[in-house]
Amino acid sequence: MADHAAPTTSGTLTCVVVTPEQTVLSESTDFVALPLFDGELGVAPKHSPMIGRLGYGELRLGRGSHAKRYYIDGGFVQVLNDVVTVLTGRAIEVSHLDAAVAREQLRTAQGRKANTDELLAIRDRIITQSRAQIRLAERGTATARH
Amino acid sequence: MANPRALDKRRRSVRNIRKITRTMELIATARFKKAMDRAHAATAYTERMTQLVRDLAQSGAEVKHPLLAGRTETKNATLLVLTANRGLCGGYNGNVIRAAYERWTQLKAEVPKTTLEVSGKRGITGFSYRGQKPDERFTHFDDKPSFEEVEVIAARYLDAYAAGTLDRLDVAYMKFINVARQTPVVETLLPLGSLSVEAGPAKKGQAAEAQGQQTGKKGEVQYEFLPSAESILQEVVPASFKVKLFKCFLDAAVSEQVARMVAMKGATENAGELIKQLSMTYNRARQGRITGELLEVMGGVEALNK
């Protein structure tokens, strides 16, 4: 089990991503970009303590083309003392995403009946999830080609 | 005295059984270790979740959620029973079923509409034998329950609770306390009594250091909430329920492997003892026969000499 990394003195962040099944990653980096529920948030070292709700989208560690990219499936983030803790249901490396599968999921979701509020909410959730996956998967292959 | 050949045959068959039980014990041990690792890995999430909830509570956010408050009247109740798909694991299935059945009869007496959901073939047959047809059956949970699979079930309960078609959810499973102790329990997961997910005491080091750096005061970190503490809480509650349910499945999986391991160890030992005993009787029978034959020969010689 990944232990809490000791807070570093300066310049680095520790990013810990945990799902109910396992600790997906625990790494130090200099920058983390998080998909919050309403848009992206960048976290650099010495960020003030924060708890936020996550949306569906991309988690980036590091900057530029060397960045490690993950797809995050909602959840929460806690930033405290240069430790970014991400609690999420699923975290998948972008290279492991499959656009075709996501597209299929989107198509079936769009065909779903939504005659009650709850069903509508479920359908909307699946649609946003699969759209985010498609976006990420396609961008992932695009950068790989360059 | 028994026939030596029959005894030998029996001894051979017991030996074969011992081979099988020994192998099963080894397999169960390996699976137990894997299941244990999985359960261990899951605690990271629950620990952090508990910490998050504590921080939220400290910030003064009022912990209020329809899932936390009980209903005044319980009209619909569901009992979920987690058993194994396979037997040969001692009293594991029997104990869970017995505990669940007790709660089931109690629920039936108290609540107008009850639903029975059983995971595991053993539980399904066990309840059918007692004349209770499970309304929902799952047999796809083995020694590695995945969060995705559990989440589907959890989401269904949450939706039903929100829609008002479910007022209470009980889960019967074998709780894993340590390798030597597992007890069958029936827990009420909905409404959620408290938010804290059971986990070991959270590590204090991180929080203490944070206090030193961020504020001069003890025990307070000023968090910024995006979008707000209340809205985060709205999301935390269902997530915490899902994790709790997932933990039940993990516990059940670990307990099953432990139970099988112990049962098979006992079976192997018993087989060894039986072999010992059979060997002794076999040797005695063989010796008895030889002695008898010798006596006969000697008797014949004596008769000839006369």
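Visitor: What distance separates the centres of domain 1 and domain 2 of chain A?
Guide: The centres, taken over C-alpha atoms, are 21 Å apart. Domain bounds come from an automatic or database domain assignment. Here, domain 1 of chain A covers 13–93 and domain 2 covers 97–145.

Visitor: What should I know about the model and its numbering?
Guide: This is a predicted model, in which local features need pLDDT of at least 70 and side-chain atom pairs count only at pLDDT 80 or more, while totals for chains, interfaces and linings use all residues. Residues are numbered from 1 along each chain as its sequence is written, with chains lettered from A and ligands numbered from 1 in the order in which they are written.

Visitor: How many residues of domain 1 of chain A are in contact with domain 2 of chain A?
Guide: Two residues are in contact if their C-beta atoms, placed from the backbone, lie within 7 Å. By that test, seven residues of domain 1 of chain A meet seven of domain 2 of chain A. On the domain 1 side, strand E5 (50–61) and strand E6 (68–80) of chain A each supply at least two residues. Strands (E, at least two residues) and helices (H or I, at least four) are DSSP runs, numbered from the N terminus. That side of domain 1 has three nonpolar, one polar and three charged residues. Nonpolar means Ala, Val, Leu, Ile, Met, Phe, Trp, Tyr, Cys and Pro; charged means Asp, Glu, Lys and Arg; the others, Gly among them, are polar.

Visitor: Which strand of chain A gives the most to the side that touches chain B?
Guide: E5(A) does, with four residues. Overall, 25 residues of chain A are in contact with 36 of chain B. E5, E6 and strand E7 (83–87) of chain A each supply at least two residues of the chain A side. By class, that side holds 12 nonpolar, 10 polar and three charged residues.

Visitor: In what sense do E5(A) and strand E6 (residues 224–226) of chain B pair?
Guide: Two strands pair if DSSP finds at least two bridges between them. E5(A) and E6(B) pair in the parallel sense over three bridges. A:Gly52 has B:Leu226 as its bridge partner in E6(B).

Visitor: What is the strand order of the open five-stranded sheet in chain B?
Guide: The order is E3-E2-E1-E4-E5, with mixed pairing. Strand E3 (136–138) and strand E5 (181–190) of chain B are the edges; each pairs on one side only. From one strand to the next, the twist averages 20°. Strand E2 (residues 113–119) of chain B pairs with E3(B) in the parallel sense over three bridges. There, B:Ser119 is bridged to B:Phe138 of E3(B).

Visitor: What angle do helix H1 (residues 4–58) and H6 of chain B make?
Guide: Axes are lines fitted to C-alpha atoms, for helices over the stretch in contact, and angles run from 0 to 180 degrees between N-to-C directions. H1(B) and H6(B) pack at about 160°, with axes 6 Å apart. They are therefore roughly antiparallel; the labels are roughly parallel under 35 degrees, roughly antiparallel over 145, roughly perpendicular from 65 to 115, and oblique for the rest. Their contact has 35 nonpolar, nine polar and 14 charged residues. Helix H6 (residues 229–305) of chain B also lies across strand E1 (76–82), strand E4 (168–178) and E5 of chain B, at about 45° to E4(B).
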